[in-house]
Amino acid sequence: MSLFPDHNSNILQFTPFTFEPPPVDYSQFEGVSSFPSSTQFYEASIITEAFLKEDAYLGKGKGKQVEEFEPKPETRKQTIFLNPRFEYDSDFWSTTNQSTGVKFHPTRSKDFACYVFGKEPKEKVNEESYTLDTQIYNCSLVNDIDSRRGFYNEAFSVFREAAKAPLSKEWREKSLREKLLCDISWNYVNTIVNHIKSLQEIPTKDKQIQSEINTFRDMMTIWELCRIMYFIKSERYQRLSTDLLTWLNECYPLGALTEEELNELRDSPNLRNTVVFWSRLYKLVLRGLFPQAINFLRSIIMPVEITSDKLVNRESIINDIIQSVIKCIKSRPKMSSYDTDLVWRNWLAQCSQLQKSIILENKFLEENFVKILKILSGDPEAILGKSSSWLEGLIALIYHKYPRCDTSDVRSMLGPIFIRFSVHPDPTSQALKRIFYQRIDDALGYCKHIDPWLLSHLTDLLCKTDLDETIGGKSLLLHQHREGYLIKFTEPLLTHPTLWQVGFKYLEHCEKFGKVFMEEFIGKIPFDNERKFEKILKICEDNGLKFDEKCIITTMGTKYMQIKRYASTIIYYMRAGKDESLKAICSMFLTQYVESGKITFGEVLDSIPVDKDSNESVNFLSRYRLYHSLIQDEFYIQAAQVLVECLRSEISPKEFWGVLLFHTVPLMKLGRRKDMKIFEKIHIDEFVYYCSQVLDKRIEDSWLKLVQRMKRWHYKETGYFDISEDLRPVKVECEKYKKYLDKHNSV
């Protein structure tokens, strides 16, 4: 490397490094609709799994929807670049644009805008003015992620606990493993519930917050149903029906009476004949809310006033029937022991006998009492007739008709349910339907329309539960899709200013593709301080990303080079093994010495731990500085030894060898004058050899430039000797010193 290149440029040539991405001009897109006007749309690439298409598809239901908003002028936008690039063709609709992938800029964590370019059909426009149909989708990442930051951190701690579970002793035994998985599931649910509570505590709930609450409620509903249906696979006597009933009442609670219904109950002279009363009582019995149902029945027990024998007898009969129904409800077997078959049959016989014994003049009362008893005894027509939704009908049928069923029996009950009821097309309802059908792969397909967190974490826990791969049957895709779902959830976290570490921790648990995505994103994380930089390097070291580690260290060194913090630059370049860059820095410092005659890199070297294993260029600078220090302290023999080492190393640029040779002149003069044997004869021969190397025609221009610059301060009046381009002072002194050595040796 030459100290003085032919072109007039800086010593170090490198591309300037910037931490801020270039500004994007959005003015050309002003006034364009936020949603597509064309019927044509694009399928997203496999990597992003139809990101745009899925979000645009969800126009109704409880699923996550694309929201339209006007970006503020000060909001920085993140650009999603499309690949392949749009190619304008006025003759036909380009097939290359019908399958377009998306990729967003990874160094911006604010909002992003996706530009989808396409052409309107040719018949819609004039051939002379064929226009480009520009469609813009404005989406917000940062708002959702920032509001969920605490939730994501808490959920990741549970995810990490789940990842460690297979390594524990409890995992080996089936019953203990199921208990451990249920505990992990409960921790996830508690995390969801805590986030819902934090959202509900916000004083002013706008549309976005309410939508977030609904999303998390849907997540809890699906998660809890999966826990009941999948996470507990060992025999659990009579737990499924009660667990499902509890799930229904917690996730879809019975709503309060409307104001109109309350007024009807207040104004009614006799609750026994009020339709609202019996409708409410049916719901309480269907949902197994027996304490409330008993209170309702007690409210219609009327005191008997002795006015006529016939009236007294009629009221007494009705009161007796009410008491009998209450007794029947209270005596319902709890299904908690293994000898309940006989108890259950006896109780059903009592209900049947009570139905037959109810004969009243008031047929409205008789019909309602009988129907209550039919529901209690598990009559499907009565249960489904009084249910208002397929979920309520299914759970009531399981609880009252099949209280001892197992998860494998639920599928056979769904036929009559869906004949009578329709399922809402929203993703949550469709996912619940498929969970009951035990088609978990299809259910997860709808979960991705609800929230990527739910999809990724539920799939992960199901994979740990399904050790024998029987949850999804022969079409099981859980284990194939687990990493893809986790990666899709993780991608937005990787660009977040505070959650990027959590994102990379998730990728560490993706054995197959995690490292590939780490390599893709790790070099794009902006780092503005040493602490963040070291965290990024730790991720590279822990995951074997050697190349990325080297690139990041080089980038950090280049950053410090720009702000002229040379000590930090040298340290990072040494860590990255950038020998050529270190050689360039060494040449820069040597050039400064040639121009000024001063050692400007002393403080830099003081900040660098230099040893024999350090870079050779840095070692040369250290040895050269040591030479000047020894000269200043008048340790001439030691200085001469260091100078010879610097020459022999041949590390510095060849033209700088002449500077080292000039340094030998005063030492040889000093040795002759004070009769000190500073150099040996072999050293003098080496000096002559290096003189011939410096005067080589191939470096003649660089050598001449160096001498001219050095002459500005290296002349007699400043205390130095006059130098020349032909190294004559060195050659003359070498001859004199040889004669001195010959004379000294002869004596």
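This note comments on charge pairing, cysteines and one surface patch in a predicted model.

1. Salt bridges in total. Across the whole structure, 27 salt bridges are found.

2. Pairs within a helix. In helix α12 (residues 363-376), E366 and K363 stand 3 residues apart, about one turn of the helix, and their side chains form a salt bridge at 3.1 Å, N to O.

3. A pair between helices. R648 and E686 form a salt bridge whose closest N and O atoms are 3.0 Å apart. This pair links distant parts of the chain, with R648 in helix α28 (residues 636-649) and E686 in helix α30 (residues 681-694), 38 residues apart. R648 is partly exposed, with a relative accessible area of 42%.

4. Cysteines. The search of the whole structure gives 0 disulfides. For C226, the closest cysteine sulfur belongs to C447 and lies 6.6 Å away, so the two are too far apart for a bond. C226 is buried at 0% relative accessible area, and C405 is buried at 12%.

5. Surface patch. K669, K716, K736 and K739 form a positive surface patch. Of these, K669 lies in helix α29 (residues 657-673) and is partly exposed at 36% relative accessibility.

Methods. Residues are numbered from 1 along each chain as its sequence is written. This is a predicted model: local features need pLDDT of at least 70, side-chain atom pairs count only at pLDDT 80 or more; totals for chains, interfaces and linings use all residues. Side-chain values use heavy atoms; hydrogens and water are left out. Patches are made of residues with over 30% relative accessible area and no salt bridge: like charges are joined within 9 Å, nonpolar side chains (Val, Leu, Ile, Met, Phe, Trp, Tyr) within 5 Å. Accessible areas come from the Shrake-Rupley method with a 1.4 Å probe; for residues, only the protein chains shown count as cover. A salt bridge is a side-chain nitrogen of Lys or Arg within 4 Å of a carboxyl oxygen of Asp or Glu. Lys and Arg count as positive and Asp and Glu as negative; His and the chain ends are not counted. The place of a charge is taken as NZ of Lys, CZ of Arg, CG of Asp or CD of Glu. Helices (H or I, at least four residues) and strands (E, at least two) are DSSP runs, numbered from the N terminus. Buried means under 20% relative accessible area, exposed over 50%, partly exposed in between (1.4 Å probe, protein chains only). A disulfide is a pair of cysteine sulfur atoms within 2.5 Å.
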